[in-house]
Amino acid sequence: MRCIFILHFLFFAFLSLSAQQRIDYGNNSVVGKYYNIRGINMYCEIYGEGRPLLFIHGNGGSIKSFASNIPFFSKKYKVIALDSRAQGKTIDTKDSLSFEMMADDEAALLDALHIDSAYVLGWSDGGINALLLAMRHPEKVIKLVSTGANIWPDSTAIVPAEWINEKNEFDTTQTRNFTAKEKNDWKLFLLDWYQPNISLQQMHSIKCPALIVGGDHDVIRVEHTVLIAKNIPNAYLWILPNSGHATLVEYKDEFDKKADDFFSGRLRK
């Protein structure tokens, strides 16, 4: 009897895992929809039921960036995963792009979904967006997790070797003639080259609880991540050992649980 039970359990576990693996996050025609947001058609996928949880990806990414995390959170939350302006399936042909613009997009998306407020989880540039969303639209953010974010774009925030590589790319590329895709890629590159420009004083305006995360081998300097956390009134700091920029991938299970504990109020300073 016990063997039959185990076989049944393994069979249904396999079916569940296979179903998850078949989901093409970021290209799921079953749940994917476009929303007219501030002059663009923003692509969004929603998974699960419960308290709303907004996922915001990094520069040049898409909903696919969270493919390994959505299955965990969608069991408990209503996961709202979006493709940010000029990225993924969300097309924006305009020349200008800013983090403030994207934060306003995210607030407008929540309005379009008739969601008053949400938990927010942002990675890299998405972490910057999460901070700005809490600053510009504080009523929209219950709690936020920001991993791999910087608040200014120089070598005091970004590991110098990485910053030098970016400068070399800037110096050698800016005079080229671009295709449409290259023009969009260049716009995204310049976003990180010139922005963000957020002061420590502005960090003080974030009133919601925040979990600030970084890897000890992140491209964002640990000192900078610590500085962000120190200047948010109700912030928790978590530096993951032996981790690079992709903390939520390299430490997927631990990251998911810690973020869930934080959102659920189980995390203690």
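**A buried serine and the aromatic pairs**

S243 is found in the loop that runs between β8 (235-240) and α9 (247-250), where helices (H or I, at least four residues) and strands (E, at least two) are DSSP runs numbered from the N terminus. The model is a predicted one, in which local features need pLDDT of at least 70 and side-chain atom pairs count only at pLDDT 80 or more, whereas totals for chains, interfaces and linings use all residues. Residues are numbered from 1 along each chain as its sequence is written, and side-chain values use heavy atoms, with hydrogens and water left out.

With a relative accessibility of 0%, S243 counts as buried (under 20% relative accessible area, with exposed over 50% and partly exposed in between; 1.4 Å probe, protein chains only). Apart from neighbours within four places in sequence, S243 is in contact with G215, D216, H217, D218, E250 and Y251, contact being heavy atoms within 4.5 Å.

Across the whole structure, 15 aromatic pairs are found. Rings of Phe, Tyr and Trp (its six-membered ring) pair if their centres lie within 6.5 Å, and planes under 30 degrees apart count as stacked, over 60 as edge-to-face and the rest as tilted. The ring centres of F55 and F73 lie 5.6 Å apart with planes at 85 degrees, so this pair is edge-to-face. It links distant parts of the chain, F55 belonging to strand β3 (residues 51-56) and F73 to helix α2 (residues 70-73), 18 residues apart, and both F55 and F73 are buried. In W186 and F189, by contrast, the centres are 5.2 Å apart and the planes at 15 degrees, so the pair is stacked.
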